Amino acid sequence: MSNIKIEWEKNGGLVPVVVQDVDSNEVLMLAYMNEEALNLTQSTKLAHYFSRSKNRIWKKGESSGHTQEVKEILIDCDNDTILLKVKQNGVACHTGRKSCFFTNFENNKEVLEVEKEPQYNFLDNLYHTLLDRKNADPKSSYVASLYHKGENSILKKVVEEAGEFSFAIKDDNNDDIIYEAADLLFHSLVALAYKNIHPEAILNELKRREGISGIEEKKQRKEK
């Protein structure tokens, strides 16, 4: 183990990680690590990161199989940024491109082609689609129009859909209940994507509460 002291405290226990192809030196992606993710990366020689949106450690390629074999770990002069040199198995980007850096900032043109169609579960795929809509034309995308109008418009739709779901429950029509619940869930996911929070983080919070009574959970929350 290295005796270099990484400045974890600067960014709340996380440091940015630049990931570079060991052969071509092409920058593939930017991610974050906490101390546990770095230790896992060192011990397994496979890249592990901390997902801020999912609020957990994840191994690169755990779903897609596109793992990163770590060949070298470098630290910058301030001890607060890591450079990983890796052998990329498959592609680095969730869009199926070799690198996450594929859009020209000045003309918005994509400079890399999709090499492999990404495969995710439905919820993960929907979340990434919602993220992509942040850069879509508001005139051609309903979700993009919500993002363009801003937070208040998104929250207004969540409240509106919550009301319609409540009325559907009261009217006791199963088809309406399912339809309105889907609308409420969808707009809640739009709000989560707006804040870059993966729905898996919500599932993890529900799992954390398993076995804890609602009364005790609320008590713990008030004590924080």
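This note sets out numbered points on the fold, the pocket, the cysteines and selected residues of the structure above.

1. Basis of the note. The structure is a predicted model, in which local features need pLDDT of at least 70 and side-chain atom pairs count only at pLDDT 80 or more, while totals for chains, interfaces and linings use all residues. Residues are numbered from 1 along each chain as its sequence is written, and side-chain values use heavy atoms, with hydrogens and water left out.

2. Overall fold. The chain holds 7 helices and 6 strands; helices (H or I, at least four residues) and strands (E, at least two) are DSSP runs, numbered from the N terminus. Their order along the sequence is β-β-α-β-β-β-β-α-α-α-α-α-α. The C-alpha trace spans about 65 × 50 × 30 Å along its principal axes. Of the 224 residues, 34% count as buried, where buried means under 20% relative accessible area, exposed over 50%, and partly exposed in between (1.4 Å probe, protein chains only).

3. The largest pocket. Its volume is about 1,600 Å³. A pocket here is an open set of points on a 1 Å grid over the protein atoms alone, where a 1.4 Å probe fits, with protein on both sides within 12 Å along at least five of seven lines; lining residues have an atom within 4 Å of a point. Grid points are joined across faces, edges and corners, and the volume is the space filled by probe spheres set on the points.

4. Lining of the largest pocket. The lining comprises 42 residues, and Cys93, His94, Cys100, His128 and Leu131 lie nearest the pocket centre. Strands E2 (27-33), E3 (48-51) and E4 (56-59) and helix H2 (122-132) each supply at least two lining residues. The largest share, 5 residues, comes from H2. By class, the lining has 16 nonpolar, 15 polar and 11 charged residues; Ala, Val, Leu, Ile, Met, Phe, Trp, Tyr, Cys and Pro count as nonpolar, Asp, Glu, Lys and Arg as charged, and the others, Gly among them, as polar.

5. Cysteines. A disulfide is a covalent bond between the sulfur atoms of two cysteines. With a disulfide taken as a pair of cysteine sulfur atoms within 2.5 Å, the count comes to 0 disulfides. For Cys93, the nearest cysteine sulfur is that of Cys100, 3.9 Å away; for Cys100, the nearest is that of Cys93. Cys93 counts as buried because its relative accessibility is 6%, whereas Cys100, at 32%, counts as partly exposed.

6. Strands E3 and E4. These strands pair in the antiparallel sense over 4 bridges, pairing being assigned if DSSP finds at least two bridges between two strands. His48 has Lys59 in E4 as its bridge partner. The hairpin has 4 residues between the strands, and Asn55 takes a positive phi near 60 degrees in this hairpin. Both faces of E3 are covered, with His48 and Phe50 buried on one side and Tyr49 and Ser51 buried on the other.

7. Two glutamines in strands. Gln88 lies in strand E6 (residues 82-88) and counts as buried because its relative accessibility is 13%. Which backbone oxygen does the side chain of Gln88 reach at 3.1 Å? That of Val91; the Gln88 side chain also reaches the backbone oxygen of His66, at 3.3 Å. Gln20 lies in strand E1 (residues 15-21) and, at 13% relative accessibility, counts as buried. The C-alpha atoms of Gln20 and Leu30, 10 residues apart along the chain, are separated by 9.2 Å.

Terms used:
Polar contact = N/O pair within 3.5 Å; in protein donor to acceptor, adjacent residues only side chain to side chain.
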